[in-house]
Amino acid sequence: MQAAVAIAAAEAIAAKTQGTFGVGGLMLDQHGNVLKSLHNNVIRHGLVFDPTAHGERQLIDWYYAERARGRALPAPGDITIVTTLDPCCMCSGAILAGGFNVVAAAPDRIAGINYDCDATFGALPAGLRAQAQRSFSYPAVLGASLYARAGAGATPRPFFIGKTIAEATQALCALAFEATSREVVALFGADRAREQLRDPATLAPDHRIVRALKQLHPDALTYRCAPHVPDAGLAPFLRQAMVRAEEGDAVALLDAFGNLLLCMSGKRAQSGIRSAFMETTRAYAQLRYKLMDGASAAQQEEVRLYLGHPREGTFVFAHGPDHGAVSFMDLGAWASTMEGPLPAHNPAQLQYVAPRIDAAALAAVCAAMPPLYRDVIGLNPTQVRDHALVAALAS
Ligand SMILES: [Zn+2]
């Protein structure tokens, strides 16, 4: 146990050195052999690279990618993910959707799924709590410092010889995260306010931003609605993406002007956690990253002006979130994408067309989430206002 957490802690230090969140993790097989270790990659070169690139989420996608390549890996139920920090909602949803086991070192009282440290997982929808109690483990830290704690949650797998974490290693896991979060939050403030944004529909068709956008999504900038009020004209784009995906889901991203930027399906056949939302938010972040990385200050500024932060736009889900693990992951990933409180002028950034559960049940899921989601970001998915869009997608 101690050796595994020490590897995760070394990854967390590497993450801090890279200038991203100081969190690291590794994946162990049923004998305790290390399959893969990696760290948070949200920030690279001082830019947001991928808001979903938390350690646990990347390990799970790595697992599915290796299996798709033909590598014989144990079933998820035989795999243990060891992480320096209690998983956030996105990663917890991904872990539960896949059926993996987890050992978590440091607590995260703001965003961790066990933020209240009682290991009952009241932050999860009721139907997922028993699974979390069976698979999320918080080993004891022996000693008298503020890092000491009793063990909680699931019993660690039998291959762990020692079942505790050393105080100094636990302290390293906590400090590596605390030491970087402020720098990262400062980077998050680099984006432009709504009043400064410029309309990408006014750019020449051969402008590098338009070309990159069209390369990612050929229908980009071909649909436009009133800002934040998608109408029936969006339905064909959502339906087209839904037809492409086996699971029939799609998510569109509209900018602050109402322009369609992206509309993507999931890739759940390749990886159980590549939902339509995960694909869409990652694609947009990486588009901005690709256009800004290594570019001049003036070019970077141009990208920030024409391709605004998603918090100024609207994510439109074809289907609303439900009580399941994948939806919980999506809600968490959406909050990670927002990075902080929503602007007051855009409270309905997350909209859905067809509900899967009623609005009150969905509000209850959000109200139970850890403080970051519930209080700081104010997660508040709402159905689109336009009834014609709801009817058009259903027809
Ligand atoms: Zn996470």
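In this predicted model, strands β11 (residues 250-254) and β13 (residues 314-319) pair in the antiparallel sense, over 4 bridges. Within this pairing, valine 251 has phenylalanine 317 of β13 as its bridge partner. Both strands belong to an open sheet of 5 strands, ordered β12-β11-β13-β14-β15. The pairing in this sheet is mixed. Its edges are β12 (260-265) and β15 (382-383), each of which pairs on one side only.

A zinc ion is also present. His54 (ND1), Cys88 (SG) and Cys91 (SG) coordinate the zinc ion at 2.1 to 2.3 Å. Along the chain, the donors follow the spacing H-x33-C-x2-C. Cysteine 88 has a relative accessible area of 9%, so it counts as buried under the 20% cut-off. Cysteine 91 is likewise buried, at 1% relative accessibility. An unreviewed UniProt entry annotates residues 1-116 as "domain: CMP/dCMP-type deaminase". The span of residues 1-116 is 35% helix and 23% strand, and its end C-alpha atoms lie 23 Å apart.

Helix α5 covers residues 167-188. At 1.5 Å a residue, its 22 residues should span 32 Å; the end C-alpha atoms are 32 Å apart, which agrees. Buried residues of α5 include Cys173, Phe177, Thr180, Val184 and Phe188.

Salt bridges number 15 in the whole structure. Aspartate 50 and arginine 282 form one of them, at 3.5 Å from N to O. Aspartate 50 lies in the loop between β4 (47-48) and α2 (55-68), and arginine 282 in helix α8 (residues 276-292), so the pair ties together parts that are 232 residues apart in sequence. Aspartate 50 is buried at 3% relative accessible area, and arginine 282 is buried at 12%.

Arginine 304 bridges to aspartate 191, with the closest N and O atoms 3.3 Å apart. Arginine 304 sits in helix α9 (residues 297-306) and aspartate 191 in the loop between α5 and α6 (208-216), so this pair joins parts 113 residues apart in sequence. Arginine 304 is buried, with a relative accessible area of 11%. Aspartate 191 is buried too, at 13%. Elsewhere, salt bridges with shared partners join Asp50, Arg57, Asp61, Arg274, Glu279 and Arg282 into one network.

A further salt bridge links the side chains of glutamate 66 and arginine 71, at 3.1 Å from N to O. Glutamate 66 is buried at 13% relative accessibility, whereas arginine 71 is partly exposed at 37%.

Key. Residues numbered from 1 in each chain as written. Predicted model: local features only at pLDDT ≥ 70, side-chain atom pairs only at ≥ 80, totals over all residues. Heavy atoms only, no water. Helix = DSSP H or I, 4+ residues; strand = E, 2+ residues; numbered from the N terminus. Expected span 1.5 Å × (residues − 1). Buried < 20%, exposed > 50% of the residue type's maximum accessible area, 1.4 Å probe, protein only. Donors = N, O, S within 2.8 Å, 3.2 Å for Na, K, Ca; no water. UniProt positions renumbered as here; feature names shortened; annotations may be inferred. Pairing = 2+ DSSP bridges. Salt bridge = Lys/Arg side-chain N within 4 Å of Asp/Glu carboxyl O.
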